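These are my notebook entries on one model. I looked up a ligand site, a sheet and a helix, in that order.

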Amino acid sequence: MNAISAAPGALRLDRAPPRLDAEPDAERRTAARQRAGARAGPGDRGAELRISGVGKRFDDKEVLSAIDLAAAPGEFVAIVGRSGCGKSTLLRLALGLESVDRGTVLIDGRAPDAGGAASARFVFQEPRLLPWERVAANVALGAPRDRAAATRAAMAEAALAEVGLAGQGGERPAVLSGGQRQRVALARALVSRPRLLALDEPLGALDALTRIEMQELLERVWQAEGFTALLVTHDVAEAVALADRVLVMETGRIAHEERIDLPRPRRHGDAEGAAIERRILDRLLARRKS
Ligand SMILES: Nc1ncnc2c1ncn2[C@@H]1O[C@H](COP(=O)(O)OP(=O)(O)OP(=O)(O)O)[C@@H](O)[C@H]1O
Ligand SMILES: [Mg+2]
């Protein structure tokens with residue numbers, strides 16, 4: 001279901017969700033999805049991400065070395081790792097915000113700067129809202145520029161409804177809580193209906209309860225929209241709660257992978273999730289001792 005166009009009170013958008021069986025590369029993407037073992041999500045309209053042999057240096061420091069990462073359409077991949085191991089750099093490279101030194105990044109078969117990143121969006125740890133603009137205008141900034149102003153406004157209102165902020169478009173960012181501001185940032189990313197969403201510690205600054213609510217929201221939105229998600233987080237429990245697959249990074253490489261086949265929605269503290277979380281933490285802490 002297209003949750004944005006179906007949001008209560010929203011004008012119907014003139015952009016129907018792309019039907020997978022109507023897309024020319026549908027078969028290839030479905031095959032890729034099966035190869036990667038991902039379960040079909042309800043939306044199933046995510047992009048395929050393929051990162052192969054990617055390396056990156058800053059001056060004389062090698063930050064990423066020979067990274068291979070494939071995310072199937074609609075898959076939710078989380079990346080954890082110690083501070084400075086290269087997680088944010090990997091996300092920026094994946095979306096073409098930074099260039100690779102070697103290797104390739106392909107989003108649905110195209111390099112990010114050759115159109116691959118057109119359907120990709122980024123959510124940062126801090127909401128990065130324009131304080132002088134109202135919430136609706138902040139969200140509308142993420143809408144496609146070729147749409148009429150009224151359409152963009154309707155899209156913004158629908159995206160706000162999707163993140164639980166219906167009717168709050170007239171507020172200024174300053175009067176919102178931290179969690180609400182991050183919802184606005186999420187709405188700004190969702191308003192263009194991305195097929196790939198990269199999130200760099202998006203909940204890192206929130207209190208524990210707000211954080212759990214936001215995790216649930218993120219999962220609902222991902223299930224409704226079907227985008228491919230790439231989440232960097234320091235919170236291993238969050239990664240296990242949300243992801244189909246958790247990748248553990250160690251100084252510039254992916255050192256370990258856990259597939260999470262638990263049913264959704266997952267509850268914090270469930271025994272199976274806790275066991276996986278323990279394994280990942282052991283891996284992270286073992287590295288620290290060595
Ligand atoms: N533009 C840059 N110029 C020089 N060095 C950089 C640049 N961006 C990142 N680095 C370095 O690359 C390494 C990896 O940084 P990155 O931000 O990707 O780590 P991270 O895993 O996201 O860390 P954190 O968990 O603290 O956010 C760090 O040593 C960092 O100082
Ligand atoms: Mg980072």
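The entries below record what I looked up.

**Conventions.** I worked with a predicted model, in which local features need pLDDT of at least 70, side-chain atom pairs count only at pLDDT 80 or more, and totals for chains, interfaces and linings use all residues. Residues are numbered from 1 along each chain as its sequence is written, while chains are lettered from A and ligands numbered from 1 in the order in which they are written.

**Entry 1, ligand 1.** I listed the residues around ligand 1 (C-beta atom, placed from the backbone, within 6 Å of it). They are Phe 58, Val 63, Gly 81, Ser 83, Gly 84, Cys 85, Gly 86, Lys 87, Ser 88 and Thr 89. Sorted by class, this shell holds three nonpolar, six polar and one charged residues. Here Ala, Val, Leu, Ile, Met, Phe, Trp, Tyr, Cys and Pro count as nonpolar, Asp, Glu, Lys and Arg as charged, and the others, Gly among them, as polar. I then asked which element gives the most to the shell around ligand 1. It is helix H3 (residues 87-94), with three residues. Helices (H or I, at least four residues) and strands (E, at least two) are DSSP runs, numbered from the N terminus.

**Entry 2, the sheet.** I found an open sheet of three strands in the order E2-E1-E4, with antiparallel pairing; two strands pair if DSSP finds at least two bridges between them. Strand E2 (61-71) and strand E4 (102-107) are the edge strands, each pairing on one side only. From one strand to the next, the twist averages 25°.

I next examined the pairs. Strand E1 (residues 49-58) is joined to E2 by seven bridges. Among the bridge partners in E2, Glu 62 faces Arg 57 and Leu 69 faces Ile 51. The hairpin of E1 and E2 has two residues between the strands, and Asp 59 takes a positive phi near 55° there. On the other pairing, E1 and E4 share five bridges, one of which sets Arg 50 against Leu 106 in E4.

Axes are lines fitted to C-alpha atoms, for helices over the stretch in contact (C-beta atoms, placed from the backbone, within 7 Å), and angles run from 0 to 180 degrees between N-to-C directions.

Which residues of H3 are buried? I recorded Lys 87, Leu 90, Leu 91, Leu 93 and Ala 94 (buried: 20 or more other C-beta atoms, placed from the backbone, within 10 Å of its own). They lie on the same side of H3 because they cover an arc of only 165° around the axis, taken from the directions from the helix axis to the C-beta atoms. After H3 comes Gly 96, with a positive phi near 75°.

Conventions: A residue is buried if 20 or more other C-beta atoms lie within 10 Å of its own, exposed if 12 or fewer, and partly exposed in between; C-beta atoms are placed from the backbone.
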